Amino acid sequence: MTVDDTGSGTGVDPAPDGEPGRDAHAESEENPLALRLEQLILGAERRYTPFQAARSAGVSMELASRFWRAMGFADIGQAKALTEADVLALRRLAGLVEAGLLSEAMAVQVARSTGQTTARLAEWQIDSFLEGLTEPPEPGMTRTEVTYPLVELLLPELEEFLVYVWRRQLAAATGRVVQAADDEEMVDRRLAVGFADLVGFTRLTRRMEEEELGELVEAFETTAADLVAAHGGRLIKTLGDEVLYAADDAGVAAEIALRLIETMANDATMPELRVGIAFGTVTTRMGDVFGTTVNLASRLTSIAPRDSVLVDGAFAEELTRTGDAPASESAAAEAAATAEKEGKEPPSYRFALQPMWQRPVRGLGVIEPWLLARREAASA
């Protein structure tokens, strides 16, 4: 939906204000049902060219172009394809900048993060949801005859649900931020970061049919997302055969990792899994995480044994500090003996840590990974 800063789109002759360029011919050839669906979903008719929309919103064409590009909209040249909703969106973003609530760069980031997230959601809904629901219910009916009334029924329900989930997520994220110790911790925070990776996925792609492979990936992502959420972690992203998650608490991250291993091991249709976790400072941007801690977690995953969890030294220290794991089995035995002499309950550890051989890791130097497992007394 973008144009260049002069008001003309790539490969499109500029047109006088209010007059269509060459793109008007393409617009006239669009599928009538597609146009009706667009009007239903957007709730408004096409009225503006990009230049007219920018002028109506009271913003420069340059800024409008930056916002539209950030939202991921395609170049439409000078076609009259924008609506009142597009004008209102521009006004709102520009208004936040003018009021000093957001910098221009931050407003562009808001547009980009929202566009990327909702684009993926919309694609999934069409590919996995509407695609199946719009199968003709009766012989002789076309999908075209079913789609419009179905979208008309679903649209308000999906919209309300989207806003509900967004508000819930926003409340949770805001709560985490205000609990940060200082301003720096809001951006650069100490987190446990875990990668879970399906073993031998590349070989599977050669052997399995596309539909089977898609079902396996969906089952893996769904299982991982459910376990991460249920135990208090945050799913950062899925990469087909790999998921990235984070947790404020090392014990939560450890529990998620072991639950993932145990759940996948009990499913005969799933490949083996390996998990790597690191603990340390993480930079968060647009819902993603970056930094050495993330890179280390990824490297640990690549060297982890099948159906095992490897963690770094900082993560092992954090589990020991919080009392979730003993520093060693001898330390656990000594603590138990001391508690018995004093007539107290012995420490109850959830996890066990076993040091592994030091090894060089590309780009990160020499590390000493630890093998994470459940303590036998604490296993369910």
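I took buried to mean under 20% relative accessible area, exposed to mean over 50%, and partly exposed to mean in between, with a 1.4 Å probe and protein chains only. With that rule I looked up T49, which counts as buried because its relative accessibility is 2%.

**Basis of the entries**

The model is predicted, so I note that local features need pLDDT of at least 70, that side-chain atom pairs count only at pLDDT 80 or more, and that totals for chains, interfaces and linings use all residues. Residues are numbered from 1 along each chain as its sequence is written, and side-chain values use heavy atoms, with hydrogens and water left out.

**Entry: the whole chain**

I recorded 14 helices and ten strands in the protein chain. These are DSSP runs numbered from the N terminus, helices being H or I of at least four residues and strands E of at least two. Of the 380 residues in the protein chain, 36% are buried. I took contact to mean heavy atoms within 4.5 Å. Among the contacts with a separation of 6 or more, 67% join residues 24 or more positions apart.

**Entry: T49 and its surroundings**

I placed T49 in the loop between α2 (32-42) and α3 (50-57). Leaving aside neighbours within four places in sequence, I found T49 in contact with Q78, A79, K80 and L82.

I then turned to helix α4 (residues 61-71), where eight of the eleven residues are buried. Which residues of α4 are buried? I listed M61, L63, A64, S65, F67, W68, A70 and M71. After α4 comes G72, with a positive phi near 90 degrees.

For helix pairs I used axes fitted as lines to C-alpha atoms over the stretch in contact, with angles running from 0 to 180 degrees between N-to-C directions. I sorted the angles as roughly parallel under 35 degrees, roughly antiparallel over 145, roughly perpendicular from 65 to 115, and oblique for the rest.

The axes of α3 and α4 are 9 Å apart, and the packing angle is about 110 degrees. Therefore α3 is roughly perpendicular to α4. In this pair, P50, F51, A53 and A54 of α3 meet M61, A64 and W68 of α4. I classed Ala, Val, Leu, Ile, Met, Phe, Trp, Tyr, Cys and Pro as nonpolar, Asp, Glu, Lys and Arg as charged, and the others, Gly among them, as polar. By class, the contact of α3 with α4 has seven nonpolar, no polar and no charged residues.

The axes of α4 and helix α5 (residues 84-98) come within 11 Å and cross at roughly 105 degrees. This pair, too, is roughly perpendicular. I found A64, F67 and W68 of α4 meeting L90, L93 and A94 of α5. The contact of α4 with α5 divides into six nonpolar, no polar and no charged residues.

**Entry: helices α11 and α13**

How do α11 and α13 cross, and at what angle? The axes of helix α11 (residues 250-265) and helix α13 (residues 313-321) cross at roughly 110 degrees and come within 9 Å. That angle makes α11 roughly perpendicular to α13. I noted that A250, G251, A253 and A254 of α11 meet F315, E318 and L319 of α13. The residues of this contact comprise five nonpolar, one polar and one charged.

E318 counts as buried because its relative accessibility is 14%. Not counting residues up to four places away in sequence, E318 touches A250 and F279.

**Entry: nonpolar cores**

I took a nonpolar core as a set of buried Ala, Val, Leu, Ile, Met, Phe, Trp, Tyr and Cys residues joined through side-chain atoms within 4.5 Å. The largest has 39 residues, and I277 and F315 have the most contacts inside it. To this core α11 gives the most, with nine residues. F315 touches A192, A250, A253, A254, I277, A278 and F279, again not counting residues up to four places away in sequence. A second, separate core has 22 residues and includes A54, F67, V87 and A111.

**Entry: two loop residues**

I placed D307 in the loop between α12 (292-303) and β6 (308-311). D307 is not a glycine, although its phi is positive at about 55 degrees. I placed R350 in the loop between α14 (329-341) and β7 (351-355).
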